[in-house]
Amino acid sequence: MSESVHVPVLLREVLELLNPQAKRVYVDGTLGGGGHTEALCKSGARVIALDRDASALNRTEQRLRSLFSGEPFPIRFAHANYRFFAEAMEMLHIEKIDGFLLDLGLSSDQLADGQRGFSFDCDGEPVRPEPVRPELDMRFDTSEGHTARELLATLSETEIANVIYQFGEERHSRRIARKIVEARERGEPINTARQLAELVRRCVPKSRKNPIDPATRTFQALRIAVNDELGALQSALEQLPQRLVSGGVAAIISFHSLEDRLVKNAFRDSRYWKPITAKPITASEEEIARNPRARSAKLRGAMRLSEPQS
Ligand SMILES: C[S@@+](CC[C@H](N)C(=O)[O-])C[C@H]1O[C@@H](n2cnc3c(N)ncnc32)[C@H](O)[C@@H]1O
């Protein structure tokens, strides 16, 4: 896949919060298709752009290099977990930044790539001419860690149920875990996204009120566990105050309540922050019609105070 199909969410609202200025330095911890980074650079800002997904990073680097072909090129790329953004800054000899952005979760490009196992709609045709990996993978960074298939093959029934309950808030977590373990005991372990989706749909009654696919919460839970998404977010939130200039802004877009709660609590509780969004900013009807992925996006912003409040 050479072009990104990902449409950035809440782009105008992110720019309003970050208010990018020429020559100032921003970290985009979740580069993805580069929509937000591109807009920051069009304001003359410089960006340190991180992504755990090497293929997304390479593809977006190519796209942005062709867009900003004049000198000096405003972006430094790093294949890294954003929880290590401070290390990326140190390698570039940058002590403080003017703004920090996270647009959490996965991109439409990753969802569309059936080989990654993120989508319950498909086991998918490979979108890159690569050897077929039929595995239920779900890692953002395919060079490290354990895949979702490996987790389901090795965790105990209780551990699987806990993951699905904690990270997916799925009421039927125990039943799903039981069926997963029964399948593996029969010698038919869950290897693909389709197998998992079908198993979950057999365990979770379809709700008349809520039209989302019953497999949604289980897929979300596994992805969060595989990538330790909440751990990365918590770690970045803890490091941020030391790395932002006073008056610098952090803007974070989350897509489910577990993430949003971490962001809200960090911005509210820390004596370093002044929240600049009283309530999370959500997408307009018009944006949701254009980009349904924006439906569950919540954007929060906070400004680094010059002196810690006692
Ligand atoms: C929603 S997309 C970002 C889209 C981007 N803002 C745009 O406009 O195209 C999220 C991206 O963050 C990456 N990602 C998720 N967790 C990460 C982490 N802990 N560190 C670095 N990148 C991460 C994913 O690989 C994905 O490419």
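Phe267 lies in helix 12, where helices (H or I, at least four residues) and strands (E, at least two) are DSSP runs numbered from the N terminus. The model is a predicted one, in which local features need pLDDT of at least 70 and side-chain atom pairs count only at pLDDT 80 or more, whereas totals for chains, interfaces and linings use all residues. Residues are numbered from 1 along each chain as its sequence is written, and side-chain values use heavy atoms, with hydrogens and water left out.

With a relative accessible area of 3%, Phe267 is buried; the term buried stands for under 20% relative accessible area, exposed for over 50%, and partly exposed for values in between, with a 1.4 Å probe and protein chains only. Leaving aside residues up to four places away in sequence, Phe267 touches Leu237, Ala250, Ile252, Trp273, Pro275, Arg300, Gly301 and Ala302, contact meaning heavy atoms within 4.5 Å. Between Phe267 and Ala302 there are 35 residues of sequence separation, yet their C-alpha atoms are 6.3 Å apart in space.

Asp260 is also found in helix 12. It counts as buried, at 8% relative accessibility. Its side chain is joined to that of Arg300 by a polar contact of 2.7 Å. A polar contact is a pair of N or O atoms within 3.5 Å; within protein, one must be able to donate a hydrogen and the other to accept it, and residues adjacent in sequence count only if both atoms are side-chain atoms. Apart from residues up to four places away in sequence, Asp260 touches Ser254, Lys298 and Arg300.

Seven strands form an open sheet in the order 3-2-1-4-5-7-6, with mixed pairing; two strands pair if DSSP finds at least two bridges between them. At its edges stand strand 3 (75-79) and strand 6 (273-275), each of which pairs on one side only. From one strand to the next, the twist averages 20 degrees; here axes are lines fitted to C-alpha atoms, for helices over the stretch in contact, and angles run from 0 to 180 degrees between N-to-C directions. Strand 1 (residues 25-28) and strand 2 (residues 46-51) run parallel and are joined by four bridges. Asp28 stands opposite Ala49 in strand 2. Helix 11 (residues 229-243) packs on the sheet, where it touches strand 4 (97-103), strand 5 (244-254), strand 6 and strand 7 (298-304), and its direction makes about 160 degrees with that of strand 5. Helix 12 (residues 257-269) likewise packs on the sheet, touching strand 5, strand 6 and strand 7, with a direction at about 20 degrees to that of strand 7.

Within strand 2, Arg46 is the bridge partner of Val25. Strand 2 is largely enclosed by the rest of the structure, because five of its six residues are buried.

Helix 2 is mostly covered as well, with seven of its eight residues buried: Gly35, His36, Thr37, Glu38, Ala39, Leu40 and Cys41. The axes of helix 1 (residues 11-18) and helix 2 (residues 35-42) come within 10 Å and cross at roughly 50 degrees. These two helices, helix 1 and helix 2, are therefore oblique to each other, since angles under 35 degrees count as roughly parallel, over 145 as roughly antiparallel, 65 to 115 as roughly perpendicular and the rest as oblique. The crossing of helix 1 and helix 2 is right-handed; a crossing is right-handed if the near helix is turned clockwise from the far one by less than a right angle, and left-handed if anticlockwise. Leu11, Val14, Leu15 and Leu18 of helix 1 make this contact with Gly35, His36, Ala39 and Leu40 of helix 2.

Helix 2 also packs with helix 3 (residues 54-67), at an angle of about 25 degrees and with the axes 11 Å apart. Helix 2 is therefore roughly parallel to helix 3. Their crossing is right-handed, and the contact is made by Gly35, Thr37 and Glu38 of helix 2 and Arg63, Leu64 and Leu67 of helix 3. Just after helix 2, Gly44 takes a positive phi of about 90 degrees.

Most residues other than glycine have a negative phi. His93, although not a glycine, has a positive phi of about 60 degrees. His93 lies in the loop between helix 4 (85-91) and strand 4 and counts as exposed, at 75% relative accessibility. Met138 has a positive phi near 75 degrees and is found in the loop between helix 5 (108-112) and helix 6 (148-154). At 0% relative accessibility, Met138 counts as buried.
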